[in-house]
Every structure is written in C-alpha cells, then in structure tokens.
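I opened the notebook to record what I looked up in this structure. The entries follow the order of my look-ups.

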Amino acid sequence: MKQEMFIPRNYQKPVLDVEERAETMRTEIKIRIHKAVLDRVLEYCSYDHVVPDGGEYYMVNFPFIENDYHYDILLGFGDKCECLEPLHVRAEMKRKIQDMAAIYKDKPPIMSELPFREQRR
C-alpha cells in the first residue's frame with residue numbers, strides 16, 4: 001500500500017468585485033427626517049451627513065442604491081421620512097406608497113385573512 005501525504009496549499013481568497021460594483025452604484029439622496037428616526041438613520045450613515053432643520057427635523061445626505069432593499073429601508077421610516085431629491089427617487093417612493101395604499105382602499109378584507117376571532121362574529 002502506498003502512503004500518501006497531504007500537503008496543504010495556500011488558500012487564495014477569490015476576488016469578488018461586489019464592493020467595487022456597489023460603490024459605483026451608490027449615490028446619495030437627500031431626505032428630511034423627524035428626530036424620532038434619527039438613531040435608525042444613523043445605522044446607515046454617519047452624523048456628518050446630518051444637518052439640523054428646525055427643532056424636530058434633520059436634512060440627511062443618505063447613501064442609497066436604487067434597489068428594493070434600499071427603497072424598503074426608506075419606507076420603513078414611515079411618515080417620519082420624506083425623500084426630497086433626486087426627483088426620480090421621490091417619484092418611485094410616491095408610486096410605491098400609492099400601490100400600498102391601493103391595497104386597503106375601498107376593499108373589505110378577505111374573510112380567510114381575518115384573525116379567527118373576527119371570523120366568528
């Protein structure tokens with residue numbers, strides 16, 4: 001029987017250009033936020049991107065990539081955040097909000113979607 005010897009090779013980490021691509025896709029948008037969401041906004045950018053705007057509001061140059069993930073971040077701030085520019089991002093936010101509102105407009109919920117308690121009434 002022949003004995004084989006294991007010789008480890010140097011591992012070379014694959015070069016992924018995700019960060020490079022993300023950097024080229026990333027831009028800054030201008031949002032106006034209420035102080036209630038400031039600490040949540042600071043999870044995505046540093047305080048040097050934030051400028052006070054009156055007593056309860058801030059203007060923020062917010063890092064942004066145009067994809068559903070980043071739009072969902074903005075939508076998650078609810079009515080405490082307004083996208084000011086660029087205008088095409090503002091328009092897309094408005095479209096997404098209108099689409100969400102249309103789901104609830106003038107339609108009773110489907111019975112199977114109601115909690116069990118409400119179905120028995």
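Which residue in β3 is the bridge partner of V50? I looked it up and found V60. The model is a predicted one, and I read every entry below with that in mind.

β2 covers residues 50-52, and β3 covers residues 57-64. Three bridges join β2 to β3, and the two strands run antiparallel. I noted a further pairing: P52 stands opposite Y58 in β3. The two strands form a hairpin, with four residues between them. In the turn I checked G54, which has a positive phi of about 85°. For context, most residues other than glycine have a negative phi.

In what order do the four strands of the open sheet lie? I read the order as β2-β3-β1-β4, with antiparallel pairing. I then looked for the edges. The edge strands are β2 and β4, and each pairs on one side only.

Next I went through the pairings of β1, which spans 27-34. How many bridges does β1 share with β3? I found eight, in the antiparallel sense. One end of my check was T27, which stands opposite F64 in β3. I then turned to β4, residues 81-85. Four bridges join β1 to β4, and these strands also run antiparallel. Here I picked out R32, whose bridge partner in β4 is E82.

I followed the chain out of β4. P86 lies in the loop between β4 and α4. Is the bond that joins E85 and P86 cis or trans? I found it cis, with omega at about 5°. Most peptide bonds are trans.

**Entry: helices on the sheet**

I looked at how two helices lie on the strands. α3 lies across β1, β3 and β4, running at about 165° to β3. α4 also lies across β1, β3 and β4, and runs at about 145° to β4.

Two packed helices are described by the angle between their axes and the distance between the axes. The axes of α3 and α4 come within 11 Å and cross at roughly 70°. That makes α3 roughly perpendicular to α4, because angles of 65 to 115 degrees count as such. On the α3 side, I listed D68, Y71, L74 and L75 as making the contact. On the α4 side, I listed V89, E92, M93, K96, I97 and M100. By class, the residues of this contact divide into seven nonpolar, no polar and three charged.

**Entry: the largest pocket**

What volume does the largest pocket have? I noted about 190 Å³. Its lining consists of L74, L75, G78, C81, E82, C83, R90, M93, K94 and I97. α3 (68-76), β4 and α4 (87-104) each supply at least two residues of that lining. The largest share, four residues, comes from α4. By class, I counted six nonpolar, one polar and three charged residues in the lining.

I cross-checked the lists. L74, L75, M93 and I97 line the largest pocket, and these residues also take part in the contact of α3 with α4. E82 is in the lining too, and E82 is the bridge partner of R32.

How values were computed
Residues are numbered from 1 along each chain as its sequence is written. This is a predicted model: local features need pLDDT of at least 70, side-chain atom pairs count only at pLDDT 80 or more; totals for chains, interfaces and linings use all residues. Side-chain values use heavy atoms; hydrogens and water are left out. On a 1 Å grid over the protein atoms alone, a cavity is a set of points where a 1.4 Å probe fits but cannot get out, and a pocket is an open set with protein on both sides within 12 Å along at least five of seven lines; lining residues have an atom within 4 Å of a point. Grid points are joined across faces, edges and corners, and a volume is the space filled by probe spheres set on the points. Ala, Val, Leu, Ile, Met, Phe, Trp, Tyr, Cys and Pro count as nonpolar, Asp, Glu, Lys and Arg as charged, and the others, Gly among them, as polar. Axes are lines fitted to C-alpha atoms, for helices over the stretch in contact, and angles run from 0 to 180 degrees between N-to-C directions. Angles under 35 degrees count as roughly parallel, over 145 as roughly antiparallel, 65 to 115 as roughly perpendicular and the rest as oblique. Contact means heavy atoms within 4.5 Å. Two strands pair if DSSP finds at least two bridges between them.
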